[in-house]
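User: Please take me through the terms applied to this structure, and show in each case how the value stands against the definition.

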Amino acid sequence: MLSPVTDPDGAPFWEYAAQGELRVQSCADCGELRFPPRPCCPHCQSFASDWRLMSGHGRIWSYVVPHPPLLPDYAAQAPYNVIVVELADAPRIRLVGNLVTGPGAALDSFSPDRIRIGAKVQAVLGGTGLPQWVLERP
């Protein structure tokens with residue numbers, strides 16, 4: 001499976017995710033959240049940054065089920081989903097991941113016909129650090 005491609009600005013995101021924490025870069029001067037990570041705040045042009053812990057709650061903003069799979073290595077897990085999640089505590093930030101049945105579950109573990117725009121989800125992170133999401137329990 002694909003591994004994250006890191007750069008100096010985004011490396012902390014992946015390091016925190018591998019530890020099970022969902023963090024988003026924020027400006028240390030004005031507090032503005034930003035994703036993807038970058039060296040300069042687009043709001044105040046400061047180069048100072050922090051990494052703010054997010055709740056991991058969000059809602060499905062969009063999704064796709066690739067047919068055929070986008071990469072040959074994913075063919076065995078098709079059909080699988082790729083979702084875009086709008087974070088509850090940072091609605092202007094959207095992260096890409098997969099909706100699965102539980103932590104570490106296969107990409108094809110959640111039936112694509114059950115995905116609904118607006119469904120509430122919770123991040124599950126760890127291991128590779130790739131974001132996965134599960135439906136929130138009411």
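**Burial, salt bridges and strand pairing**

Analyst: Arginine 23 is buried, with a relative accessible area of 17%. As a word on the basis, this is a predicted model, in which local features need pLDDT of at least 70 and side-chain atom pairs count only at pLDDT 80 or more, while totals for chains, interfaces and linings use all residues. Residues are numbered from 1 along each chain as its sequence is written, and side-chain values use heavy atoms, with hydrogens and water left out.

User: Why is arginine 23 called buried?

Analyst: Buried means under 20% relative accessible area, exposed means over 50%, and partly exposed covers what lies in between (1.4 Å probe, protein chains only). The 17% of arginine 23 is therefore in the buried class, whereas glutamate 21, at 27%, counts as partly exposed.

User: What makes the contact of arginine 23 and glutamate 21 a salt bridge?

Analyst: The term requires a side-chain nitrogen of Lys or Arg within 4 Å of a carboxyl oxygen of Asp or Glu. The N to O distance between these two side chains is 2.6 Å, so the pair qualifies. The whole structure holds 4 salt bridges.

User: Why is the pair of arginine 92 and glutamate 32 said to tie together parts that are apart in sequence?

Analyst: Their side chains meet in a salt bridge at 2.3 Å, N to O. Arginine 92 lies in the loop between S5 and S6, and glutamate 32 in the loop between strand S1 (23-27) and strand S2 (33-34), so the pair links parts that are 60 residues apart in sequence. Arginine 92 is exposed, because its relative accessible area is 68%.

User: Which classes do glutamate 86 and arginine 59 fall into, and what joins their side chains?

Analyst: Glutamate 86 has a relative accessible area of 13% and is buried, while arginine 59, at 31%, is partly exposed. A salt bridge of 2.8 Å, N to O, joins the two side chains. Glutamate 86 belongs to strand S5 and arginine 59 to strand S4, so this pair ties together parts 27 residues apart in sequence. Through shared partners, salt bridges join Arg59, Glu86 and Arg94 into one network.

User: How do you know that S5 and S6 are paired?

Analyst: Strands (E, at least two residues) are DSSP runs, numbered from the N terminus, and two of them pair if DSSP finds at least two bridges between them. Strand S5 (residues 82-87) and strand S6 (residues 94-99) have 4 bridges in the antiparallel sense, and therefore count as paired. Isoleucine 83 has glycine 97 of S6 as its bridge partner.
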